[in-house]
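Please read them with the structure open.

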Amino acid sequence: MSTKAIERLVPTISLRDFNQRKEEITKQLVDAAENSGFLMLVDHGISIDEINQQFAISKAFFQLPHEIKGKTAYDINQGLGWEYKAQTRRLTGTDQKESLWLKYGSQWPSDEDVPGFEASTRNFMAKCRGISMQVLECFAGALNFDKNYFQIPMDATKPDSLSRLRMLHYPPSENKPGSWGAGAHTDVGALTLLFQRDGEEGLEICPGRENVTSKAIGDNFFSLPAKTGPIVVNLGDMLMSWSDDRFKATYHRVRAMEGDAPSRYSIAYFNQGLKDFIFQGPQKK
């Protein structure tokens with residue numbers, strides 16, 4: 001698919017002068033949510049230097065020996081910590097990746113193992129929260145809720161928050177062309193912010209209202225170029241439900257590139273709300 005065709009499917013939306021342009025931004029976000037399920041944010045307030053710094057932190061962690069990474073052990077009950085080849089999907093088998101799940105109040109890798117890890121990552125998470133709240137404020141208004149409708153239930157600092165930051169690494173030795181870093185899926189949460197690095201392709205998306213077949217079998221997936229700076233945003237099952245299916249949760253996957261496939265790193269921030277808070281769409285479906 002051509003670059004222009006992809007841009008139509010995944011519109012780029014600027015958050016510049018958010019308070020002054022809120023009505024315009026809301027219109028653009030809603031159009032993307034109703035017709036694509038994917039969009040890219042620019043002028044969002046996180047500099048390329050800050051993004052590169054967080055990727056450097058992530059890379060430093062994943063380059064540690066397994067026994068050191070294992071000090072931040074994965075807790076299956078909490079869904080937090082370091083996991084290695086832990087996700088298996090019915091159609092594509094085991095995802096060829098490792099990841100580190102974090103939230104406020106969870107166990108963190110020590111600064112002794114990765115200097116500056118916690119301070120840098122907490123700052124990065126705070127900025128992701130701020131951007132997420134801007135987008136969700138626009139969606140709340142479009143759904144005729146109070147603009148602060150998502151503020152309390154999406155407060156990631158609360159102990160029972162399910163929101164997560166996930167650092168991901170797709171190793172090159174296992175990233176054989178055509179293999180699955182992550183099989184086709186939709187995100188279960190409300191809103192995902194994804195950061196990628198220049199040249200580290202692999203994300204494939206199935207945008208639009210047409211992808212209604214089971215597990216997106218038979219649907220067309222398109223490669224989304226990886227760029228440092230823009231944030232790739234996709235809607236999840238929660239927001240689709242809370243909008244009474246007005247907004248679209250969209251299938252996506254990660255496939256190894258053809259030819260030599262180097263390591264691929266990405267960072268995702270998942271807005272998933274508080275565990276004990278009940279949401280309901282305006283039509284109460």
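The points below go from the whole chain to single residues.

1. Basis. This is a predicted model, in which local features need pLDDT of at least 70 and side-chain atom pairs count only at pLDDT 80 or more, while totals for chains, interfaces and linings use all residues. Residues are numbered from 1 along each chain as its sequence is written, and side-chain values use heavy atoms, with hydrogens and water left out.

2. Overall make-up. There are 6 helices and 14 strands in the chain; helices (H or I, at least four residues) and strands (E, at least two) are DSSP runs, numbered from the N terminus. Of the 285 residues, 54% are buried, where buried means under 20% relative accessible area, exposed over 50%, and partly exposed in between (1.4 Å probe, protein chains only). The accessible surface is about 13,000 Å², and carbon and sulfur atoms hold 49% of that surface; areas come from the Shrake-Rupley method with a 1.4 Å probe, and for residues only the protein chains shown count as cover.

3. Contacts along the sequence. Among contacts in the chain with a separation of 6 or more, 78% join residues 24 or more positions apart. A contact means heavy atoms within 4.5 Å.

4. Helix α5. Does the length of this helix agree or disagree with its residue count? Helix α5 covers residues 117-142, and its 26 residues should span 38 Å at 1.5 Å a residue; the end C-alpha atoms are 38 Å apart, so the two agree. The expected span is 1.5 Å times one less than the number of residues. Just after α5, Asn144 has a positive phi of about 65 degrees.

5. Thr26 belongs to helix α2 (residues 22-35) and is buried, at a relative accessible area of 16%. Leaving out residues up to four places away in sequence, Thr26 touches Cys138 and Ala142.

6. Cysteines. How many disulfides does the structure hold? The count is 0, a disulfide being a pair of cysteine sulfur atoms within 2.5 Å. Cys138 is buried, with 2% relative accessible area, and Cys206 is buried too, at 3%.

7. Helix α3. Asn52 lies in α3 (residues 48-62) and is partly exposed, with a relative accessible area of 35%. Asn52 and Gly229 are 177 residues apart in sequence, yet their C-alpha atoms are 9.0 Å apart.

8. Aromatic rings. The whole structure has 15 aromatic pairs, counted when ring centres of Phe, Tyr and Trp (its six-membered ring) lie within 6.5 Å. One cluster is formed by Phe145, Tyr149, Phe150, Trp242, Phe277 and Phe279.

9. Charges over rings. The charged end of Arg197 sits over the ring of Phe55, 5.7 Å from its centre, and Arg253 lies over the face of Phe221 at 3.9 Å from the ring centre. The test is NZ of Lys or CZ of Arg within 6 Å of the ring centre and within 35 degrees of the ring normal.

10. The loop between α6 and β13. Most residues other than glycine have a negative phi. In the loop between α6 (237-242) and β13 (251-255) is Asp244, with a positive phi near 55 degrees. Asp245 is in the loop between α6 and β13 as well, and its phi is near 70 degrees. Asp244 is buried at 5% relative accessible area, whereas Asp245 is partly exposed at 40%.

Key. Phe/Tyr/Trp six-rings, centres within 6.5 Å; stacked < 30°, edge-to-face > 60°.
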